[in-house]
Amino acid sequence: MFLHEKDHAKDLALFEIKLKTHGLKNTVLVKGNEAEVENIPLHGCVKLLTKLDLHVKRIRLVLTGDQDVEYESRLFDGFAGVPISERNCVMRVVWPNLLCLPNGELHFGNYADLVAKYHYVDLLARKSHDNSFTDLASLHTDTHTPPGGKRPAFHKTKSQPLLFKNPESSLVRVPRAGIDGTPCPAYAGAWGRGHSFLLPNGNYTLPFSFFLPANTPESVESLAAGKIRYKLECVVERGRFDRPFKKATHVRIVRTLHPRNVNRYDSIDYANTWPGKIDFKVSAPHKGIALGSLVPIKLIIVPLTKGLSFKSMYAEIVQTSYVSGISGRSPLAEEVLARRKVLCPNPDIGQDHWQVQGMYQLPCSLSEITQTCSIKSSLVSVRHRLRVGIHMRNLDGHVSELRAFLPVVIYMSPTHGHVTARHMDVDSNGHFVPAPDDSAEDVLFPARDPVNSRSESLEGASAEGYEEDEDEDPAPPVYNSHKKDTVFDYNSPLSPIEQLRANSVGAAPMGGYFDFVPPKADASAKILDLATLLKIPCYEEAIEDDVDEYSEGPAPYYAADSAFAPPASPPCSMPRPLMQPRSSSMSNLTAQGKSSPAKKKHLFLRREKK
């Protein structure tokens, strides 16, 4: 969000923060927990387009992880106690000046750090900039009483004038307009302290990069007791009497299961007995289920008495969670989410057992359900169980309910399901505020097949198909499972070319060995519509498609007389070679070629004598 829109529109035509997230808008995807992955790469750039020459002190970027905790404590007798409200910090990465250095510095959030008060971390950032403090532990000491009771030494304050400082010597002029990269790397560190920079009008792409720790907490947005959210804030600091330009954006760090995680392959089942009535077993093909996907549920019933019949089945998610802050741990909260009836279209009712299969639709919005997680020494802990209710009709007509609990792991997958989240903005004070439109949502992971994901019939879905579809990293198939290769049969009396012709069903006769038949067009392939191809995307779609392609080429150059006029094209397309200085030997030859008049007369008389 911009501050002071009038001043911003006057000097900056473009100011935005872009992350390199491989097609995911402002979402950093981590495949695995802290024991399965290495440090998390974070790359991106800040784009600036200046209308006029801009004088700046520095361009500062900060990544902050906020933890908001709100709950009511419980007394020993079970009654509600004191309400707890905290705003803590779990991560802080600072890029002091993107004009000099693209690498960031981790101020808080390393492996041993848990949480700290938000205003303590802000104080650390201000004091570290003035070289007064270097660590967070110093902020908990009494800064008003000096150690040893002695009066501190005199230090010059910022209000005292700089009598011997030449402002012209501290001004660094960027050599050319429009730079893709770090324009002044020589002024990184203490060498660039006290300098200001003059940016000619043009387009600037300032990269930044950092490797977050492997145990970085992931984003948690829908819990009532606590939330963890990240934001990127960029500040263009100008002169003493000029207002800075600010931009902030919401960033998500999402963890998914590792491709070889056992929860993606292990099946779960629950078996129990209703004494004298039935034996039943409820099973699911995988313990890990993706948000927004269909979960197949299989029920096997063995009746032990006559007169019982199957009526219906439903499923719901039981979510258990708690959060931890500086004040302690919140009470354990349990809530029931997403109760839906499981459609069982064709139950197999046999003589000795009944077999019922159905599909349960898991919610796709993070505003309805939270992913299963255990974050960094239980800062946030969320567990899930899939509760299946079975309704049985007795002989006398009343209905009995049987329940089965299946422990599951709910995760977000970029290739399965469909994940959305509520859109959040960052205000001028650094607080997260919801969008004016309550229905506005961000699509974290779009549906892989948006046409058939919602309208897929339950009759055609099966547990086997779900199992094949859930394997994101399958092992290479054996050759016996080939589908398109034609294998020569040694026991056939036909020759290889005759077998190839026989396997080419409906193809024209081949004239030679290399006259292969072109493959037929797939009937299920989508036909491209001309209207779809000619459709021009809107501005928002074009900007979103350009999130990762921020290094497509050098920035354009703008002439000095016009702010945005392109330079005139040169008359010759080929570059003119540079003229090298003449060497000493060339100078001697030139000198020899130029003869004096007396020398010329001497040569003429010598020829006459001959």
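Predicted model: local features only at pLDDT ≥ 70, side-chain atom pairs only at ≥ 80, totals over all residues.
Q: How many bridges join strand 1 to strand 3, and which residue is the bridge partner of Leu 19?

A: Strand 1 and strand 3 (residues 40-50) run antiparallel and are joined by seven bridges. For Leu 19, the bridge partner in strand 3 is Gly 44.

Q: What is the strand order in the open sheet of five strands, and which are its edge strands?

A: The order in that sheet is 14-15-17-22-21, again with antiparallel pairing. Its edge strands, each pairing on one side only, are strand 14 (268-274) and strand 21 (348-349). Within the sheet, strand 17 (residues 294-303) and strand 22 (residues 354-361) run antiparallel and are joined by eight bridges.

Q: Which parts of the chain does the salt bridge between Arg 252 and Asp 442 link, and are its two residues buried or exposed?

A: The side chains of Arg 252 and Asp 442 meet at 3.3 Å, N to O. This pair links distant parts of the chain, with Arg 252 in strand 13 (residues 245-256) and Asp 442 in strand 29 (residues 441-445), 190 residues apart. Arg 252 and Asp 442 are both buried. Arg 252 also has a polar contact, at 2.5 Å, between its side chain and that of Glu 221. Glu 221 lies in the loop between strand 11 and strand 12 (226-237), and its relative accessible area of 15% means that Glu 221 is buried.

Q: Why do Glu 401 and Arg 403 count as partly exposed?

A: The term partly exposed covers relative accessible areas between the 20% cut-off for buried and the 50% cut-off for exposed. Glu 401 has a relative accessibility of 35% and therefore counts as partly exposed, while Arg 403, at 44%, is partly exposed as well. These two residues form a salt bridge, with their closest N and O atoms 3.1 Å apart. Elsewhere, salt bridges that share partners join Asp 66, Arg 87 and Lys 231 into one network.

Q: How many aromatic pairs are there, and what is the geometry of the one between Trp 95 and Phe 208?

A: Four aromatic pairs are found in a search of the whole structure. The pair of Trp 95 and Phe 208 is edge-to-face, at 5.3 Å centre to centre and with 65 degrees between the planes. The pair links distant parts of the chain, since Trp 95 belongs to strand 6 (residues 80-95) and Phe 208 to strand 11, 113 residues apart. Both of these residues, Trp 95 and Phe 208, are buried. Ring pairs also link Trp 95, Phe 208 and Phe 210 into a cluster.

Q: Why is the pair of Tyr 187 and Phe 197 edge-to-face?

A: The ring centres of Tyr 187 and Phe 197 are 6.3 Å apart and the planes stand at 90 degrees, so the pair is edge-to-face. Tyr 187 is partly exposed, with a relative accessible area of 24%, whereas Phe 197 is buried, with 1%.

Q: Where does the charged end of Arg 87 sit?

A: The charged end of Arg 87 sits over the ring of Tyr 118, 3.8 Å from the ring centre. Arg 339, in turn, lies over the face of Tyr 314, at 3.9 Å from the centre of that ring.

Conventions:
Residues numbered from 1 in each chain as written. Heavy atoms only, no water. Pairing = 2+ DSSP bridges. Helix = DSSP H or I, 4+ residues; strand = E, 2+ residues; numbered from the N terminus. Salt bridge = Lys/Arg side-chain N within 4 Å of Asp/Glu carboxyl O. Buried < 20%, exposed > 50% of the residue type's maximum accessible area, 1.4 Å probe, protein only. Phe/Tyr/Trp six-rings, centres within 6.5 Å; stacked < 30°, edge-to-face > 60°. Lys NZ or Arg CZ within 6 Å of the ring centre and 35° of its normal. Polar contact = N/O pair within 3.5 Å; in protein donor to acceptor, adjacent residues only side chain to side chain.
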